[in-house]
Amino acid sequence: MNRFSKLGQYGIFLAFALICLVLAFSTPKFFTLSNLLIIGNQVSINALLAFGVTFVIITGGIDLSLGSMVAVAGVVAATFAHPDTYPLIVPLLVGLGAGSAIGAFNGLVTTKSKVPPFIVTLGTMTIGRGLALIFSKGRPISNLSDEFNFIGGGNIAGIPFPIIILILAFAVCSVVLNKTVLGRYIYAVGGNEPAALASGIRVSRVKMWVYTICGLLSGLGGILLTSRITTGQPNAGAGFELDAIAAAIIGGTSTSGGTGTMTGTLIGALLIGVISNSLDLLNVTSYYQQVVMGVIIIGAVVLDGIGKKD
Amino acid sequence: MSDYILRIKEVSKSFSGIKALDNIHFDLKKGEVHALMGENGAGKSTFMKILIGLVAPDSGEILLEGESLIGSNVNETLKKGISMIHQEILIIPELTVAQNIFLGRERAVSGKRGMLSGWLNDKEINQRGAVLLDKMGVNIAPNAKMKHLSVAQMQMVEIAKAISNNAKVIIMDEPTSAISDKEVATLFKIIHDLKAQGVSIIYISHKMDEIFRISDTITVLRDGKYVGTKSATELDQNALIAMMVGREIDRMFPETTQPVGQEVLSVQNLGRAGKFSNISFNVKAGEIVGLAGLMGAGRTEIARAIFGLDQWDEGEIMIKKIPLRARTPREAIDRGIGYVSEDRKGLGFIPQMSVKDNITLSSINYHRKGGFIDTHSEQSVTDKMIADLKIKTAGAGQQVTYLSGGNQQKVVIGRVLLASPELIILDEPTRGVDVGAKFEIYKLIRGLADQGMAIIMISSELPEILGLSDRILVLSKGKQTAMLSKAEATQELIMRYAVEG
């Protein structure tokens, strides 16, 4: 797409490979299959949200309501996931639907009101959290069916199911971004919105799509999380939006819009996962982990900026 | 010769093996306006970057009043008296006029020493700014916020800043590209005053008539080489173009023999509150209708209304006898209208995207195969358009940002053409485009009309309007004052109608 963003992505890929190499030598447990599967499993939810927010950031927008959409989708899905009530498809559809609906709301308000998406989604973040608490009456929703709990906790041929979902979602998102007209329009809107409009692109419609897709993927993330912890938690997902945005940015998506790739975002999410995993293995307490993660986010963008200089 | 303030000898510069500048000479007298001419890519901007210390030359000598400038950085050349007014004005919109003028020199202006020098003294800054602007004879309040100023006023502030820096040499890069004729007159008056005070001006512009109005001496570069320096009185427009392109362009404007066809666009009593009113005209297939008028006459606003970028309040627009009310550009494009904006960077293309992605952006919907983009058909129409329009690019995958102005314009025209329009509105199609590419764009426009397209061309360059249009609609302050045929139109007549009312 853009030779500089390719370069930036290349840089992040190298950094990722280098960190993995160092970890492989310093902690023997790191490069075992079981540990890698643990990382993949841990990364999956954040990666799904990061894919969603990558679409939004490429159009020049932002979505801060990811974590709240995770919670709403989680409690809504859990309500319909008790054993011997509804078939599995019902909690899945209502969960995805809840996420998509909030996403579509974000898109609608952003395009109709001209209020910056930062503000709109900041509002939705609070609204969503409130809705999750109202819907669950503030209590965790447990006693979920085994089929539902398989989504976040099951294995197929030894591979955790969330990893399979992650791979499928990555493939679909990459194809949408690179091979479809919508993907082309997403880059165009973020690259130069007035020119995209004058080129005949229905900019509002493109924005509606990206926020809705972002909501859909957040809903999927909410279902995964609820299934994994076998409980619909109204307080779940708080702060998830920041990790997802961090993954996209570490992966080379520019916050000013117009550039970014799904591969970059995937690597960004993996990098975050690998680092927190290895800090666990190295027995670094979680307090320090947060500091390290912040330094890495800034460092990645600084390095990316250096790579982008002509 | 002591009357030369600036002497530049044998300056050369290569970028990764390619000679950008080869042995350039340039002598600037005290108090003269010296035009630097050349097509885009001739090396003018590299040359100016070297002069202001942004780029170091590989060899050569630059002497300002006998003192070498080689090795000086931008701040040092500025202190020594070389100021540049950039084409894209560099200001801080939220600061006031005076704060912008003295930006970076607040300590010097505050007149305090030591600790106290860190305190801002807006009163002093405003007073000094007022004196400066008064001297220039421009009416701008020093405490006005920069963002409320017009482009021309911002330019005046930049010049004030240069004067306050005690500039001996002021470089003006395309200073009139975004200002009205009246503002040009003010600018030229200031340039005359500066000359009288012994300040020398290096003047870069593509506008021939301006060059002959304002400059004393003209130096021409071509392909990074020095072509020659002549007194402005020795040259005429054709001789100057010949120096720039290395050949005579005998006929700038292609003629046509094609008859016009059916009416494509009809506009009746179109009006938009505060912008334009009672506009009625039509355009037929194969016809070029020029829209002439001063800045602010409402030409671009009419184009935007037809294209669905703005709404309108009264009247009617018909495309092939069927009413059109486009609420978005998409609807206008679907009805066969194409628009090439005057604001190429703002409305023309997506800078981060490739030539291919830009060229197919308006028509990519027609290159789909089962929900996905059909990359083969996309590539083949792109390659054909690049060849047809003679777009100079390293390839279809090249980012548009890296193309010259003329080639960027061709990419925009290519995008519009791929959506198969029947009516094309071209708004200042040759702005910021060099002479050679201008000629190609003229040929292209005439060629499109000959293929049966209806064309509206908006231009502030009268020779262009006169040379290409079959009919000319003249506007003044949002009202239509004349519709002239090619035979009766002259520069004087157009100007008379353009200032009427």
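## Helix H2 of chain A

H2(A) is followed by A:Gly60, whose phi is positive, near 90°. Helices here are DSSP runs of H or I with at least four residues, strands are runs of E with at least two, and both are numbered from the N terminus. Helix H2 covers residues 33-58 of chain A and bends by about 40° at A:Ser44. The bend at a residue is the angle between axes fitted to the seven residues ending there and the seven starting there. Of the 26 residues in H2(A), 20 are buried, which leaves the helix mostly covered. Buried stands for under 20% relative accessible area, exposed for over 50%, and partly exposed for the range in between, with a 1.4 Å probe and protein chains only.

## Basis of the model

This is a predicted model, in which local features need pLDDT of at least 70 and side-chain atom pairs count only at pLDDT 80 or more, while totals for chains, interfaces and linings use all residues. Residues are numbered from 1 along each chain as its sequence is written, chains are lettered from A and ligands numbered from 1 in the order in which they are written, and side-chain values use heavy atoms, leaving out hydrogens and water.

## Chain A overall

Chain A contains 13 helices and two strands. Its radius of gyration is 19 Å, close to the 19 Å from the globule rule for 310 residues, so chain A is as compact as a globular protein of that length. The radius is taken over C-alpha atoms, and the rule is 2.2 Å times the number of residues to the power 0.38. Along the principal axes, the C-alpha atoms of chain A fill a box of roughly 60 × 55 × 35 Å.

Of the 310 residues of chain A, 53% count as buried. Among contacts in chain A with a separation of 6 or more, 78% are between residues 24 or more positions apart; a contact means heavy atoms within 4.5 Å. The accessible surface of chain A is about 13,300 Å², with 70% of it belonging to carbon and sulfur atoms. Accessible areas come from the Shrake-Rupley method with a 1.4 Å probe, and for residues only the protein chains shown count as cover.

## A:Thr253

A:Thr253 sits in the loop between helix H11 (240-250) and helix H12 (262-281) of chain A. A:Thr253 counts as buried, at 3% relative accessibility. Leaving aside residues up to four places away in sequence, A:Thr253 touches A:Thr54, A:Ile57, A:Ile58, A:Ala248, A:Thr259, A:Gly260, A:Thr261 and A:Thr265.

## Chain B overall

Chain B has 18 helices and 22 strands. The C-alpha trace of chain B spans about 75 × 50 × 50 Å along its principal axes.

Buried residues make up 54% of the 501 in chain B. For contacts in chain B with a separation of 6 or more, residues 24 or more positions apart account for 65%. Carbon and sulfur atoms hold 51% of the accessible surface of chain B, which is about 22,000 Å².

## B:Ala449

B:Ala449 belongs to helix H16 (residues 435-450) of chain B. The relative accessible area of B:Ala449 is 2%, and the residue is buried. B:Ala449 touches B:Gly286, B:Ile288 and B:Ile455, not counting residues up to four places away in sequence. B:Leu423 is 26 residues from B:Ala449 in sequence, with 9.5 Å between their C-alpha atoms.
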